[in-house]
Amino acid sequence: MTNHWADIKNADVVLVMGGNPAEAHPCGFKWVIEAKIKNKARLIVVDPRFTRTAAVADKFAQLRPGTDIAFLGGVIRYLLENDLIQKEYVRSYTNAAFLLDGKFGFDDGLFTGYDEAKRSYDKASWAYQVDKDGQAKVDPTLQDPSCVYQAMKRHYARYTPELVERVTGVPAAEFIEIAKLIGSTSATNKVMTSLYALGWTQHTVGSQNIRCIAMIQLLLGNMGLPGGGVNALRGHSNIQGLTDLGVMSHLLPGYLGLPTEKEPDLKTYLEKRTPKAVRPGQMNYLQNTPKFFVSLLKAFYGAEATKENDFHFDWLPKNDKTYDILATFELMYQGKINGYFCQGFNPLASVPDKGKLIPALSKLKFMVVIDPLVTETSTFWKNHGEFNEVDSKAIQTEVFRLPATCFAEEDGSLTNSSRQLQWHWKAAEPPGEARPDIDVMAGIFLALRELYKKEGGTFPDPIVKLPWGYAKPGAPSPEEVAREVNGKALADIPDPKDKTKTLAKEGEQLATFAHLQADGSTSAGCWIYTGSWTQNGNQMARREAADPTGLGNTPGWAWSWPANRRILYNRASADPAGKAWDAKRKYITWNGKKWVGPDVPDFKVDSPPEEGMSPFIMTNEGVGRLFALGGMAEGPFPEHYEPFETPLSSNPFSPKGGGKTLSNPAARVYKGDREKFGLAAEFPFVATTYRLTEHFHFWTKHTRIAAVLQPEAFAEIGEELASLRGIKNGDRVVIKSKRGAIKVKALVTKRIHALKIEGKDVHTVGLPIHWGYEGLTKPGHLTNTLTPFVGDANIQTPEFKAFLVDVQKA
Amino acid sequence: MALMSLDVLQQSASTSTPPQARTTLEVAKLIDISRCIGCKACQSACMEWNDLRDEVGVTEGFYTNPPDLSDQSWTLMRFNEQVIYGRLQWLILKDGCYHCEDPGCLKACPAPGAILQYANGIVDFQQEHCIGCGYCTAGCPFNVPRLSGKDSKVYKCTLCSDRIAVGLEPACVKACPTGAIGFGSKEDMLFQAEHRLVDLVERGFAKAAIYDPKGVGGTHVVLVLPHGDRPEAYGLPANPRVGPVLQAWRSGLARAAGVATMFAVLAAGILHYMRHGPLEVPPEGDQEVKP
């Protein structure tokens, strides 16, 4: 979230699209209700189904799964055509005025630089025009035909309400009503918040769905203000913490990238990863990357890391290719992975195409499952009848199950969607032999280190020499780890403004990442978390509920990254002169000497407005990007592409592109998976998967009460589809995709209706995901038996939200 | 259970007034359907607090689970899909006991003290006095009490009388994430409900209304209905009231008729004796049956 949960109450309009917070985030949804009641906010829900969120919405529109960009692109066009944009904000705080490289272009669904054989782009032309000093050229009048504003206008000219209707199924009049309501927040005294979740990410164009809303919020001037922002509602209590700490194959903690083979030494890596300013007078905060990165290496390797040995950059693994979850299971499927550690993860239920996963897991020599519960993955080798037809004798994978504690059985911190790190305390003793994950991992590490010490190996140093200074080596405490993550001074850090003073004395916990150094005199395990455990103790354990402004940002409650900041880009809550856009939402303003307000300014506090520094300090041009440059795989402007399984045979937005532009041209498809994509002739209905409020993923089916509240698997189908197939409510039905079939009960509903898409009726089938063959609920098929093995072009999130099926009475 | 005997206002099958009921605040639970998201946290909390565990059932094509109230499910979210004024509505009702001011169950109950009404308005079942006749289920205009197949006692929502007795709110209120369920004095709850109507009317629910049906003397669970003119759309009776037979049964007239009947029978007996004298018993030997 750029903002935070409680801040939703400050919104005038709440747009829920790509999410279903009333069901998936019922506790956070209280703030939407609060906005409605206290702020007279209007709630818009756009979704493939009429959800429990829609049940309390002011406006609802049903769209076809996988057509969000068509809808949002239509909104962008509507805002531009009707001048419903916050002009001064757009001119000053976005790259609308920046001139684009003359070679940049877009034709028939493809941007310049496409290589069909590689399914990727040469992004050289997706760039600004620069002067001889490498600074970007701008036209503040926004009239130059090569400026971003004009290019954007041209790009979205095709996204007319009529075409939106033909593609999404939302009637043009309804679409316009919603676009108008969204556009109403371009006024300086009106703000919209956007709440989304996996309904936007689990598409082959997932990242571009989010780009779209970011553009809309910039055009409306809704970023950086209370009640605004682009707010990702995270699906697990600590999934924000997971990404922050870089538990992804291409990341290190704090969103620093894991080096690749093309970055063999520290100098190359830092040169490549540290952005250079392209506009005068801008902060370009990530110019500090070397400080964050070297401090991380010091946290990893301690005294072993010295300036002379490049802080042991050589000890870091270097990626040769990506190892996202699809790539990993593809490699496993090819028999190229021997062993797999599966910690707090149930991939057999959570990764697409179960029919591919079972042979993949069967090719492993061993699998270690660390989990508090029995997962389907851990018993994949067992025959569970129709729910898991396998020949156990043919599977030789050895499975080790290590019981772990659950959150209530350990101390630690959880980072929620608000970027808030909240410390929690153990409430119960773990059952049986369950041990905290930290202890399990420490035990494995210590055993491995012994083996390396005894037997040597190809490259033992990073393991044998890894500092491990915990009081109990086999059980590092969460407190020790949290202090390490925050970081400390390894020498006295002199104050650059006054050499007689120090920012921190040797051995002290650091107060802020602003004190990190690139010379090895500081350490920090995750720079964005620096400030969470200072000399004043554990900031995450703070429980001061005071809310002095009534805006809900409670600065004394726990601790938010970065720097305990509750709203990101908050300098943008004021106009270029430093005055609040809206007196009711006065947040960070210039008082003549510095930037002040109820939050930590996301800005250089003493830079007067006249200096012209822009609020988006994390980009190297200082402004928000309407044009994403080379940041995205499939183009600098989001473009509608159909899901990989689609009822259409050509893309209505680029009909001349043919098969090439039907679906995302930059998405990766493995050999063998394309053959497993179904066609509309055989699989005429569009399916989408989702959660229900009664369950949490595949966990709560193990608890009696949740099992009582939603006991058995079902599919939601509209009344028209039911009568088409002769299905009655409660009948058993078979849902079939090209990859497999599942049997569930039918829930026939008015809440999904047939959509007119390009003149034809298209039916949507809703598939909740929660059942499996373990737990107290009625045993069920894993929904991912049906889903396609293809992901988003940028981060490979699987396309769980739009694929084709057929439905028959069982 | 945890409220004290002095708080009892009336009890089933008993003509005597309980000794000096204390004057306590009339309470109410307010269910604002316009902010309810059907998450079933209330159902879950009810099961947790009251230690109820219904069976893991099957899906019959509805979000309502379990399918009905039972001795193990004292509250239930009922989901109704309705098209009202051309607009699809998913109406979600948190069903359960409405704690009538004039409780039909209590009126119908023949077991002394099995159903109590406290001075604060809560209607509570005392299972130790319940004889399992099920009359209360027939007497309830909302079809709420459920007879247990296990112990032949009747169960329903207690409005968490045990929590309220020690100053806590009902478990469902505590668990509700959106503040759709409130608890307090009935006066305050009605005031809040009125306030909600203003917002709902402004949003286009011109017929929004408070559900506090007069046919049962008002209830201690009141609802804000966005479609206040159509309680049936939510699955609520439009005009719940205690049935006429039951009313007559418990009225003064019935009592007078009962007393009159008693005296009439007595009088008839005396008259019969005066006319015919005592009944002669034949000699004992005639009664014996020969083997």
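Reply:

**Where domain 3 meets domain 4**

On the side of domain 3 of chain A that touches domain 4 of chain A, the elements that give two or more residues are helix H13 (325–333), helix H14 (347–350) and helix H15 (354–362) of chain A; helices (H or I, at least four residues) and strands (E, at least two) are DSSP runs, numbered from the N terminus. Among these, H15(A) gives the most, with three residues. Counted over both sides, 19 residues of domain 3 of chain A are in contact with 22 residues of domain 4 of chain A, where contact requires that the C-beta atoms of two residues, placed from the backbone, lie within 7 Å. The domain 3 side of chain A has eight nonpolar, six polar and five charged residues; here Ala, Val, Leu, Ile, Met, Phe, Trp, Tyr, Cys and Pro count as nonpolar, Asp, Glu, Lys and Arg as charged, and the others, Gly among them, as polar.

Some notes on reading the model come next. This is a predicted model, in which local features need pLDDT of at least 70 and side-chain atom pairs count only at pLDDT 80 or more, while totals for chains, interfaces and linings use all residues. Residues are numbered from 1 along each chain as its sequence is written, and chains are lettered from A and ligands numbered from 1 in the order in which they are written.

Chain A contains 20 helices and 33 strands, and its C-alpha trace spans about 85 × 70 × 55 Å along the principal axes. Because a compact globule with 810 residues would have a radius of gyration near 28 Å, the 27 Å of chain A agrees with that expectation; this radius is taken over C-alpha atoms, and the globule rule is 2.2 Å times the number of residues to the power 0.38. Of the contacts in chain A with a separation of 6 or more, 71% are accounted for by residues 24 or more positions apart.
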